[in-house]
Amino acid sequence: MYNSDIRNVVQRLRAEFRDRTKPLGNKNEKGTRLYGLQIEFAYIVDGIQRGPLFAVPRLISDCEKLIQTI
């Protein structure tokens, strides 16, 4: 995967995450479900962007599963 491909995938994942979490409101105080989801999502996206290329497909899959559970 090339950097531009990764950038496009991350943009798509961010849009999906934003759409799915919109019904949860904007209270992302520590301890709320939204806060936990945002933390988990941020770590996965960081791994996609800065991690080794061999791990990117698994991380994308993990991120899509996270989004589906919302």
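**Ground rules.** I number residues from 1 along each chain as its sequence is written, and side-chain values use heavy atoms, with hydrogens and water left out. Since this is a predicted model, I note that local features need pLDDT of at least 70 and side-chain atom pairs count only at pLDDT 80 or more, while totals for chains, interfaces and linings use all residues.

**Aromatic pair.** I looked for paired rings of Phe, Tyr and Trp (its six-membered ring), with centres within 6.5 Å; planes under 30 degrees apart count as stacked, over 60 as edge-to-face and the rest as tilted. The structure holds one such pair. Phenylalanine 17 and phenylalanine 41 are stacked, at 4.1 Å centre to centre with 10° between the planes. The pair links helix α1 (residues 3-21) to helix α2 (residues 33-50), its members being 24 residues apart; helices here are DSSP runs of H or I, at least four residues, numbered from the N terminus. I then checked burial (buried is under 20% relative accessible area, exposed over 50%, partly exposed in between, with a 1.4 Å probe and protein chains only). Phenylalanine 17 is buried at 7%, and phenylalanine 41 is buried at 7%.

**Core.** Next came the nonpolar core, a set of buried Ala, Val, Leu, Ile, Met, Phe, Trp, Tyr and Cys residues joined through side-chain atoms within 4.5 Å. The largest one has 17 residues, and Phe41 and Leu13 are among those with the most contacts inside it. Helices α1, α2 and α3 (56-69) each give two or more residues, and α3 supplies the largest share, six residues. For leucine 13, I found contacts (heavy atoms within 4.5 Å) with Phe41, Ile48, Cys63, Glu64 and Ile67, leaving aside neighbours within four places in sequence.

**Threonine 21.** This residue sits in helix α1 and is buried, at 8% relative accessible area. A polar atom of its side chain lies 2.9 Å from the backbone oxygen of phenylalanine 17.

**Salt bridges.** I counted four, taking a side-chain nitrogen of Lys or Arg within 4 Å of a carboxyl oxygen of Asp or Glu. Arginine 12 bridges to glutamate 16, with the closest N and O atoms 2.8 Å apart. Aspartate 46 and arginine 50 meet at 2.7 Å; they are about one helical turn apart because they are four residues apart in helix α2. Arginine 50 is exposed at 68%, whereas aspartate 46 is partly exposed at 29%. Arginine 58 and aspartate 62 bridge at 3.1 Å, N to O. Shared partners join Arg12, Glu16 and Glu64 into one network.

Technical notes: A polar contact is a pair of N or O atoms within 3.5 Å; within protein, one must be able to donate a hydrogen and the other to accept it, and residues adjacent in sequence count only if both atoms are side-chain atoms.
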